[in-house]
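I opened the notebook to go through this structure element by element. My looked-up items are below, in the order I took them.

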Amino acid sequence: MALLEIRGLAAEVEGKPILRGVDLSLPEGEVHAIMGPNGSGKSTLAYVLAGREGYSVNAGSVRFDGEDLLAMDPEARAAVGLFLAFQYPVELPGVGNANFLRTALNAVRRARAEPEIDAMKFLKEARAALKRLSMSEEMLKRNVNVGFSGGEKKRNEIFQMALLRPRLAILDETDSGLDIDALKIVANGVNALRGEKFSALVITHYQRLLDHIVPDKVHVLSEGRIVRSGGPELALSLEESGYAGLVAEAAA
Amino acid sequence: MSAALRQTGENFSARYQGLAPRLPGPPDLRRRAAAWFDRHGLPDTRDESWRFTSLRPLAGIVFSRAEDQDDTAPSLLARLPPTEAPLLVFAQGRMRADLSRFPAGGQAGLSVASFANEPSFGNVPESETEPLSALNTMLAEDGARIAVAPSADAGTLVLLHLASGHAEHPPAFHPRHQIRLGAGARLTLIEIALGTSVYLHNPLTEVVLAEQAELLHLRLQDESAAAFHLASLHVALGPGSAYESVALVRGARIARSELTAAIVGEGARFALHAAQILGGEQLADITTVVRHLAPGASSRQSIRNVLTERAHGVFQGRIAVDRIAQKTDGYQMNKALLLSEEAQINSKPELEIFADDVKCSHGATVGALDPNQLFYLQSRGVPKAEARAILVAAFLGETLEAIPHSWGRSVLEGAVQSWWKDRPL
Ligand SMILES: Nc1ncnc2c1ncn2[C@@H]1O[C@H](COP(=O)(O)OP(=O)(O)OP(=O)(O)O)[C@@H](O)[C@H]1O
Ligand SMILES: [Mg+2]
């Protein structure tokens with residue numbers, strides 16, 4: 001069975017149906033891209049998977065490693081290895097980045113019955129991860145995302161991912177707003193984790209990210225449904241022709 | 001006013017009548033305070049400055065003079081985290097030399113006496129509008145008289161107020177404290193109030209800072225949840241002096257902390273960072289009056305309220321800038337975090353400015369925890385209750401993090417942390 005099995009998932013926000021029967025199967029170790037027009041429900045899917053409040057799931061199921069994902073609290077989802085890199089990372093004034101990360105790391109470790117790590121060891125790991133990501137140590141001292149530029153926020157998400165080592169990462173437009181160098185850093189961050197025990201859903205609008213993170217599969221989400229799935233070449237052809245044809249096809 | 005509340009006030013007057021001949025110090029001031037209190041009694045919500053703070057829960061309670069009956073002071077003392085600093089202990093409003101601790105030969109530059117032995121009412125203005133001061137003046141029997149010699153750095157002094165209450169016969173005590181720093185003197189004063197059961201703690205503290213003196217005043221009000229804490233603090237700031245206070249209010253059924261600062265010296269600095277963390281039926285009120293009576297001085301007041309269940313927070317802050325107080329820099333901010341639907345906050349800022357070249361600002365915010373922030377933390381694996389605690393700590397952060405005294409900071413931070421343990425969310 002795949003690591004992530006989404007079947008007939010339908011969800012609404014404030015009475016407005018957004019997801020209308022999503023089917024998606026992500027085998028362990030694979031990276032899939034999700035593309036689709038603005039407002040098609042990509043972030044909604046990411047939030048529903050991560051357990052954000054305010055969405056009501058009306059139909060369908062989501063299994064993560066065979067477990068009912070939708071029955072878990074957001075923190076339990078993180079503990080089993082789900083990580084969402086937010087499209088809009090949240091600022092936490094008054095919460096230091098280093099403390100935040102160590103708290104998160106130890107919460108996850110506790111939930112997995114692993115020993116907590118102390119401040120010294122954490123700093124060592126954090127510094128090493130920052131170095132791999134060509135990021136400045138100074139960001140550990142700052143408050144979480146407060147006053148970060150758009151690109152710094154996205155990189156901070158990848159930094160968190162690097163420390164938390166999820167089994168499944170959902171990257172929601174982590175590439176938008178990044179300059180070319182930062183894009184490579186983010187891609188390297190993902191590629192460094194790639195392997196049998198790491199899977200990812202990469203939500204993006206642009207082929208350029210997929211040049212660096214070559215997906216095993218590409219899905220197109222439109223009006224709350226996956227309307228097309230294919231290999232990496234699907235993203236290339238979309239780059240040429242846009243979504244119009246696909247969307248019309250799906251509606252027909 | 002309800003008849004029952006009037007009765008509670010009349011009991012204090014009667015107690016004064018009975019005790020008057022035996023009370024220490026010059027009788028005139030007491031007599032005037034008692035006459036005023038006789039006429040007005042305890043304040044009620046028709047009094048403008050008590051609009052938000054009702055003393056109704058005191059109604060019908062007959063407070064008795066605090067005796068040294070069943071003394072739980074030593075066990076309360078054990079709650080204090082260990083410290084090497086000199087310790088001055090009061091229990092039931094009386095100085096307890098047996099529980100206090102000073103280095104052999106005393107602390108250089110520091111002198112400590114008791115009001116009982118050396119009574120003096122200091123220079124607190126006899127205000128007709130402050131019933132808490134009148135009540136204290138009328139009934140004060142003991143208190144701390146702390147002085148730091150000019151130019152001396154007296155280090156740290158811990159002033160502990162312990163109270164053993166009683167549900168049927170609650171005691172009341174009215175200690176009168178005086179803290180004087182000579183020119184250029186320095187002191188860190190850490191005040192902690194702890195208690196059990198029902199009582200009324202009605203302290204009046206006078207702080208006088210001579211030229212260039214600096215006082216760091218850390219306060220933890222952790223009275224019993226059934227107790228009443230009605231305190232007034234009067235601070236006089238000389239030229240170039242600095243008064244900095246960080247105060248955490250988490251105890252008492254009803255707490256009112258009045259603070260009057262008279263900035264009489266040019267270029268003095270006044271700062272109050274206070275936090276009230278309240279739950280249950282608690283009501284806590286911080287009422288300040290900061291008078292800028294000299295030019296070039298600054299005052300900063302930053303108040304944080306964390307309120308849950310049916311708790312009620314009040315902040316009333318007045319900044320009064322005299323005609324001669326040019327170049328005054330005054331700032332006041334009251335922020336409240338409401339963790340439940342029933343919690344409430346009242347905020348009443350007042351600026352009275354008679355000088356033309358001043359910078360004064362005030363503001364207030366009220367909000368709940370941000371669900372996006374909570375979700376962000378949870379999505380990183382942090383359990384909801386811990387996520388809430390982190391966000392509340394962040395809200396209070398500025399207040400406590402900046403405390404330039406490690407033991408004092410740990411005491412206040414510990415009090416915030418244990419608040420969560422008692423109150424799982
Ligand atoms: N809280 C909400 N209240 C009302 N409508 C919402 C809410 N959240 C999302 N929507 C609507 O749901 C639809 C899908 O939004 P979503 O953010 O999932 O799109 P998206 O595919 O991620 O778009 P983009 O590419 O622009 O990021 C949009 O029409 C959006 O306006
Ligand atoms: Mg989106």
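**Helix H5 of chain B**

I began at the start of H5(B), where a side-chain oxygen of Asp370(B) comes to within 2.8 Å of the backbone nitrogen of Asn372(B). I note here that the model is predicted. After H5(B) comes Gly381(B), with a positive phi near 100°.

Next I looked up burial in this helix. H5 of chain B covers residues 371-379, and seven of its nine residues are buried, so the helix is largely enclosed by the rest of the structure. I listed the buried ones: Gln373(B), Leu374(B), Phe375(B), Tyr376(B), Leu377(B), Gln378(B) and Ser379(B).

**Aromatic pairs**

I then turned to the rings. Over all chains, the structure holds 12 aromatic pairs. One of them joins Phe86(A) and Tyr376(B) edge-to-face, with 4.9 Å centre to centre and 75° between the planes. This pair crosses between chains: Phe86(A) sits in the loop between E6 and E7 of chain A, and Tyr376(B) in helix H5 of chain B.

Are these two residues buried or exposed? Phe86(A) is buried, at a relative accessible area of 3%. Tyr376(B) is buried too, at 0% relative accessibility.

The ring centres of Phe100(A) and Tyr376(B) are 5.8 Å apart and the planes stand at 5°, so I logged the pair as stacked. It also crosses between chains, from Phe100(A) in helix H3 (residues 97-111) of chain A to Tyr376(B) in helix H5 of chain B. Phe100(A) counts as buried, with 2% relative accessibility.

Which residues do ring pairs link into a cluster? I wrote down Tyr47(A), Tyr55(A), Phe86(A), Phe100(A), Phe375(B) and Tyr376(B).

**The magnesium ion**

I moved to ligand 2, the magnesium ion. Ser43(A) coordinates the ion through OG and Gln87(A) through OE1, at 2.0 to 2.2 Å. Ser43(A) belongs to helix H1 of chain A, while Gln87(A) is in the loop between strand E6 (82-85) and strand E7 (92-96) of chain A, so the pair ties together parts that are 44 residues apart in sequence. I looked up the accessibility of Gln87(A) as well: the residue is buried, at a relative accessible area of 13%. I also noted that the loop between E6 and E7 of chain A holds Phe86(A).

**Ligand 1**

I went through the shell of ligand 1 next. The ligand is surrounded by 15 residues, and the closest are Ile18(A), Gly39(A), Lys42(A), Ser43(A) and Thr44(A). By class I found three nonpolar, eight polar and four charged residues in this shell.

Which elements of chain A each supply at least two residues of the shell? They are strand E2 (16-26) and helix H1 (42-50). H1(A) gives the most, with three residues.

- An oxygen atom of ligand 1 lies 2.8 Å from a polar backbone atom of Ser43(A).
- For the side chain of Asn38(A), the distance from a ligand 1 oxygen to an N or O atom is 3.0 Å.
- For the side chain of Glu173(A), the corresponding distance is 3.3 Å.

I then took the area of ligand 1. Alone it exposes 640 Å², and the protein buries 66% of that.

I searched for residues other than glycine with a positive phi. Asp65(A) has one, of about 50°. I placed Asp65(A) in the loop between strand E4 (55-64) and strand E5 (67-68) of chain A. At 43% relative accessibility, Asp65(A) is partly exposed.

In chain B I noted Ser197(B), whose phi is positive and near 60°. Ser197(B) is in the loop between strand E9 (186-196) and strand E10 (200-201) of chain B. Ser197(B) is partly exposed, with a relative accessibility of 28%.

**Helix H4 of chain B**

My last entry is on H4 of chain B. This helix, residues 131-139, is mostly covered, with nine of its nine residues buried. I recorded them by name: Pro131(B), Leu132(B), Ser133(B), Ala134(B), Leu135(B), Asn136(B), Thr137(B), Met138(B) and Leu139(B).

Note on methods
Residues are numbered from 1 along each chain as its sequence is written. Chains are lettered from A and ligands numbered from 1 in the order in which they are written. This is a predicted model: local features need pLDDT of at least 70, side-chain atom pairs count only at pLDDT 80 or more; totals for chains, interfaces and linings use all residues. Side-chain values use heavy atoms; hydrogens and water are left out. A residue is near a molecule or strand if one of its heavy atoms lies within 4 Å of it. A polar contact is a pair of N or O atoms within 3.5 Å; within protein, one must be able to donate a hydrogen and the other to accept it, and residues adjacent in sequence count only if both atoms are side-chain atoms. Accessible areas come from the Shrake-Rupley method with a 1.4 Å probe; for residues, only the protein chains shown count as cover. Helices (H or I, at least four residues) and strands (E, at least two) are DSSP runs, numbered from the N terminus. Ala, Val, Leu, Ile, Met, Phe, Trp, Tyr, Cys and Pro count as nonpolar, Asp, Glu, Lys and Arg as charged, and the others, Gly among them, as polar. Donors are N, O and S atoms within 2.8 Å of the metal (3.2 Å for Na, K and Ca); water is not among the atoms, so sites may look incomplete. Buried means under 20% relative accessible area, exposed over 50%, partly exposed in between (1.4 Å probe, protein chains only). Rings of Phe, Tyr and Trp (its six-membered ring) pair if their centres lie within 6.5 Å; planes under 30 degrees apart count as stacked, over 60 as edge-to-face and the rest as tilted.
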